[in-house]
Each structure stands twice: as C-alpha cells, then as structure tokens.
Amino acid sequence: MIALHRISKTYLTRQGPRQVLKDISLTISRGERVGIVGGNGAGKSTLIRLIGGVEPPTSGYVERGMTVSWPLAFSGGLQGSLTGLDNLRFLCRIYDADVDRAIPFVEDFAELGRYLREPVKNYSTGMRARLAFALSMAIEFDCYLIDETFSVGDERFKKKAGVELFEKRGDRAMLMVSHMPQHIKKHCNTFCVLDGGRIKQFDHADDAYKHYTATL
C-alpha cells in the first residue's frame, strides 16, 4: 500500500508563495490502478513527483509499503556523463536488481543499438525517454507512476511500451495522471479529479469526467 497523509506542496515564486497541493490524503492498494485527471497546472505532475520521491512535500508525508517506480519516461535521474549501460548498472545496484538479466532486456527493448554504450548527454530527447522507460521495465516495481507527458517514441514503439506496461504488468498497482479522461477510463479502476489543489474520488470514470468538465 502507498498512503499519502495530508500532503501539501508550496513553491516560492517571484509573486510570493504558491500552494499547488492542499492537504491531500490518498491510498493506493496493491493491484489498484488510480487515475487522476486535472487541467494544465492543476498539480498532477507535482503529485506524481512527490509519490516517486523526486521531491519532498512541504508538509505531510508519503508512506510507501510497496516499491515505486520513478515517473515513467522521466529522464531527470539519468547521469549524462555515464553511458546508458552504466546508468543501468548503477540503478541495478541501487534497487538490488539482477544486472545480467536487465542488460539484454534493455538492449532489446530500448532499441538504442551502439548508443547504449555512449554517454547519455549525447542522446536525443526521444532516446533518453526510451532508455528511461526501458530501465523502468527492467527493474520490477510493485507500483508504476505514469505522467501524462509519457512519450517514448513513434506509434510503433508506443504500442510496444503499452503492451509491456499495461498487459504484461496488469497485476501491478499504477497511478496515472492526465488531462485526457479517455486515458484514465481505459486503464484505471479508481478515478479522481485534482482541482484547486485538492483531490476528489469517484466510483465511476464518467462521474469524474463530469466533475472535471465542470471545473474548466
């Protein structure tokens, strides 16, 4: 289980403090797929970064009783001076994963060819995203975090990534944030709307969509 306990997040801006998330509590159980819909700037990506441990909340805390991925296709954690292969070895050491199993998987899945052995700083944006996604699949997690900015290449590669994530890992918990309700409805079984820094949960995707459109 992953539990958010009264999470709030405030950023300091030139115009003064801006509170993005306000006193959010949420629970994600094993195998549950939680979809959170909200408009641009609602705080969806901030929430997913807090759950993934990319940045801390201003107040409250996240309880993690499951292993949690980094936000899929988020390449900010990759070390640019290291090769893709060295980044993989480093992550395997951190997560105590089998590097001998992970290397052939990433070589085949990321489709980077010789660039896997080149410094990541020389990669294009798409290559970095494919590597980050492949690393997320090579290291098994109990819960996957999926941002609406999830983009891993052309349509063929996106389909391949979708099969790997949503079908082969259909028993895993997931948290998906998006401003496109159809994505939430397709892949999730619990539905939430993030608006005004607060979160509201619904039993049905259509009810969440109605609430979401009313906030626009």
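In the predicted model, C192 is buried, its relative accessible area being 2%. The sulfur of C192 lies 9.2 Å from the closest cysteine sulfur, which belongs to C188, and this separation is too far for a bond. A disulfide is a covalent bond between the sulfur atoms of two cysteines. For such a pair to be counted here, the two sulfur atoms must be within 2.5 Å. The structure accordingly holds zero disulfides. C188 is likewise in no disulfide, and the cysteine sulfur nearest to that of C188 is the one in C192, 9.2 Å away. With a relative accessible area of 12%, C188 is also classed as buried, because the limit for this class is under 20%.

Five strands form an open sheet with mixed pairing, in the order 5-6-3-7-8. From one strand to the next, the twist averages 20°. The partner of strand 5 is strand 6 (residues 173–178), and the two pair in the parallel sense over four bridges. Within this part of the sheet, I146 stands opposite M176 of strand 6.

The loop between helix 4 (125–138) and strand 5 contains D142. This residue, D142, has a relative accessibility of 26% and therefore counts as partly exposed. When residues up to four places away in sequence are not counted, D142 touches R30, M66, T67, R172 and A173. One of these, R30, is 112 residues from D142 along the chain, yet the C-alpha atoms of D142 and R30 are separated by 7.3 Å.

Helix packing was examined for helix 2 (residues 84–95) and helix 3 (residues 99–110), which pack at an angle of about 145° with their axes 10 Å apart. The crossing of helix 2 and helix 3 is right-handed. On the side of helix 2, the contact is made by L85, L88, R89 and C92, while helix 3 contributes V99, A102, I103 and V106. By residue class, the contact of helix 2 with helix 3 comprises seven nonpolar residues, no polar residues and one charged residue. The charged class includes Arg, and R89 of helix 2 is among the residues that make the contact.

Methods: Residues numbered from 1 in each chain as written. Predicted model: local features only at pLDDT ≥ 70, side-chain atom pairs only at ≥ 80, totals over all residues. Heavy atoms only, no water. Axes fitted to C-alpha atoms, helices over the stretch in contact; angles between N-to-C directions. Left-handed = near helix turned anticlockwise from the far one by under 90°. Contact = heavy atoms within 4.5 Å. Pairing = 2+ DSSP bridges. Buried < 20%, exposed > 50% of the residue type's maximum accessible area, 1.4 Å probe, protein only.
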